[in-house]
Amino acid sequence: MTLTMPSPASPLKIGTRGSPLALAQAHETRDRLARAFDLPPEAFEIVVIHTTGDNQRLIDADQPLKTLGGKGLFTREIEQSMLRGGIDIAVHSMKDMPVLQPEGLVLDCFLPREDVRDAFVSLTAASLAELPKGAELGSSSLRRRAQLLHRFPHLKVVEFRGNVQTRMKKLQDGVADATFLAMAGLNRLGMADVARSAIDPDEMLPAVAQGAIGIERRMDDSNTAGLLEAIHDGVTGQRLTAERAFLEALDGSCETPIAGLATLDGGTLRLRGEVLRPDGSEVIADDRTCPVEDGAELGRVMAKDMLAQAGPDFFSWR
């Protein structure tokens with residue numbers, strides 16, 4: 001089909017949250033599209049949409065995400081704007097995305113994946129191992145909290161929310177001795193030096209889809225679909241297909257600590273996964289390989305087998 005190109009007079013509207021990282025991701029998307037079609041930046045309009053998850057009062061209160069409404073806190077208003085026609089596409093951090101999209105929307109374009117590792121951030125210690133007994137580590141991530149309590153039970157965990165800048169201010173104010181961020185976000189902000197160390201996935205398996213940017217569109221917008229095809233990274237898509245199938249089969253909400261990482265070696269996909277109790281007292285883990293085209297099925301089967309291994313009492317805390 002012949003694509004209709006956006007122009008300064010009729011720009012493609014890119015919806016995003018207003019945090020520095022969200023804006024960096026939106027600009028990366030705009031720049032990739034502009035290069036792919038040799039268009040000026042003015043052919044794209046970045047539209048900032050304030051989401052419930054960006055409410056400063058909720059951030060300052062450091063309430064657990066699951067008590068506030070889950071992952072949809074960061075996407076609901078953006079998706080509603082797209083369904084109304086206010087924006088054409090939405091740029092998301094994939095680790096924040098629910099596994100199911102609202103009716104009428106589709107998420108099938110992914111940019112090349114960044115560093116998947118968690119970053120250890122502290123003003124006093126160079127690594128987790130250097131934190132003394134009783135030190136407080138701040139995190140709002142159920143996955144990170146459970147992994148920390150499982151592997152470092154001598155440390156304390158406190159609720160800790162906000163973007164990179166907010167979290168660094170909280171560390172300076174002594175709210176916690178250390179925290180975690182995603183290396184991908186720090187790299188995209190040009191702030192990699194904030195990390196005291198990057199944590200190997202063998203030590204702390206990352207969140208499903210960590211480091212990936214996804215671009216959501218209206219399902220019936222074939223012209224925009226054609227534009228996005230030019231910047232879609234197939235390898236990232238293959239990896240996320242397996243990871244998100246695994247997440248959906250386990251528990252697609254934000255109420256269960258889950259980690260997952262798919263990697264490719266030629267035509268072989270390796271999928272590692274974990275599901276943990278929130279207090280870190282128990283972890284079920286698996287590690288399997290398959291042909292890359294079978295990634296989604298592997299994710300579903302692996303999740304099913306891990307659920308059987310866990311048994312019904314594993315989720316008694318829900």
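A residue is described here as partly exposed when its relative accessible area falls between the limits for buried, under 20%, and exposed, over 50%. In this predicted model, aspartate 287 has a relative accessibility of 39% and therefore counts as partly exposed. Its salt-bridge partner is arginine 270, with the closest N and O atoms 2.6 Å apart. Aspartate 287 belongs to strand 13 and arginine 270 to strand 12, so the pair ties together parts of the chain that are 17 residues apart in sequence. Arginine 270 has a relative accessible area of 32%, and is therefore also partly exposed.

Side chains of opposite charge can pair when their charged atoms come close. In total, 20 salt bridges were counted in the model. Through shared partners, salt bridges join Glu28, Arg32 and Arg188 into one network. Glutamate 28 has a relative accessible area of 22% and is partly exposed. Arginine 32 is likewise partly exposed, at 25%.

Glutamate 28 also forms a salt bridge with arginine 188, where the closest N and O atoms are 3.7 Å apart. This pair links distant parts of the chain, since glutamate 28 lies in helix 1 and arginine 188 in helix 7 (residues 183-188), 160 residues apart. With a relative accessible area of 17%, arginine 188 is buried, because the value is under 20%.

A further arginine, at position 277, is placed in the loop that runs between strand 12 (268-276) and strand 13 (283-291). The side chain of arginine 277 reaches the backbone oxygen of aspartate 313 at a distance of 2.9 Å. A polar atom of the arginine 277 side chain also lies 3.5 Å from the backbone oxygen of phenylalanine 314.

Definitions and conventions. Residues are numbered from 1 along each chain as its sequence is written. This is a predicted model: local features need pLDDT of at least 70, side-chain atom pairs count only at pLDDT 80 or more; totals for chains, interfaces and linings use all residues. Side-chain values use heavy atoms; hydrogens and water are left out. Helices (H or I, at least four residues) and strands (E, at least two) are DSSP runs, numbered from the N terminus. A polar contact is a pair of N or O atoms within 3.5 Å; within protein, one must be able to donate a hydrogen and the other to accept it, and residues adjacent in sequence count only if both atoms are side-chain atoms. A salt bridge is a side-chain nitrogen of Lys or Arg within 4 Å of a carboxyl oxygen of Asp or Glu. Buried means under 20% relative accessible area, exposed over 50%, partly exposed in between (1.4 Å probe, protein chains only).
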